[in-house]
Amino acid sequence: MKEKFELAREEVQKLKSKPNNTELLKLYGLYKQATEGDVKGDRPGTFDIKGQFKYDFWKRYLGKGEEESMEEYITLVDTLKEKYGMEEA
């Protein structure tokens, strides 16, 4: 599973177009959940909007296990590859 997860992490960098903000935040949240587990610490303050969004999307996956998070991340990357295509090698 970890090999597929790492491959997906590399592939997402090779998409022809950048995913939209929601897709990027989902990728972030699932990646953090898979690699670090449940979100820790306090939610960033009012002036850190980007930090708040990242925190909130990571928190969406609270309690989800490492393996399940990796599977969902891989599935999301596969969907994005279909939607945006991959750069030629």
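Axes first: I take them as lines fitted to C-alpha atoms, for helices over the stretch in contact, with angles from 0 to 180 degrees between N-to-C directions. Helices are DSSP runs of H or I with at least four residues, numbered from the N terminus.

Ground rules. This is a predicted model, where local features need pLDDT of at least 70, side-chain atom pairs count only at pLDDT 80 or more, and totals for chains, interfaces and linings use all residues. Residues are numbered from 1 along each chain as its sequence is written, and side-chain values use heavy atoms, with hydrogens and water left out.

**Entry 1: helix 1 against helix 4**

I looked up how helix 1 (residues 2–12) sits on helix 4 (residues 66–84). Their axes are 9 Å apart, and the packing angle is about 35°. The crossing is left-handed, meaning that the near helix is turned anticlockwise from the far one by less than a right angle.

Next I listed the contact, defined as heavy atoms within 4.5 Å. Helix 1 contributes Lys2, Lys4, Phe5, Ala8, Arg9, Glu11 and Val12. Helix 4 answers with Glu66, Met70, Tyr73, Ile74, Val77, Leu80 and Lys81. I sorted them by class: eight are nonpolar, six are charged and none is polar. For the classes, Ala, Val, Leu, Ile, Met, Phe, Trp, Tyr, Cys and Pro count as nonpolar, Asp, Glu, Lys and Arg as charged, and the others, Gly among them, as polar.

**Entry 2: rings**

How many aromatic pairs does the structure hold? I find three. Rings of Phe, Tyr and Trp (its six-membered ring) pair if their centres lie within 6.5 Å; planes under 30 degrees apart are stacked, over 60 edge-to-face, and the rest tilted.

I checked Tyr31 with Tyr73. This pair is tilted, at 6.0 Å centre to centre and 55° between the planes. Tyr31 lies in helix 2 (residues 21–36) and Tyr73 in helix 4, so the pair ties together parts 42 residues apart in sequence.

Tyr73 is buried at 3%. Tyr31 is partly exposed at 28%.

I also noted a charge over a ring (NZ of Lys or CZ of Arg within 6 Å of the ring centre and within 35 degrees of the ring normal). Arg60 lies over the face of Phe57, 3.9 Å from the ring centre.

**Entry 3: helix 3**

In helix 3, I find Gly51, Gln52, Tyr55, Phe57 and Trp58 buried. Helix 2 is included in what covers them. Phe53 also lies in helix 3 (residues 49–59). Phe53 is partly exposed, at 45% relative accessibility.

Where does Gly63 lie? I place Gly63 in the loop between helix 3 and helix 4. Gly63 is exposed, with a relative accessible area of 61%. Not counting residues up to four places away in sequence, Gly63 touches Gln33 and Asp38.

Definitions and conventions. Helix = DSSP H or I, 4+ residues; strand = E, 2+ residues; numbered from the N terminus. Buried < 20%, exposed > 50% of the residue type's maximum accessible area, 1.4 Å probe, protein only.
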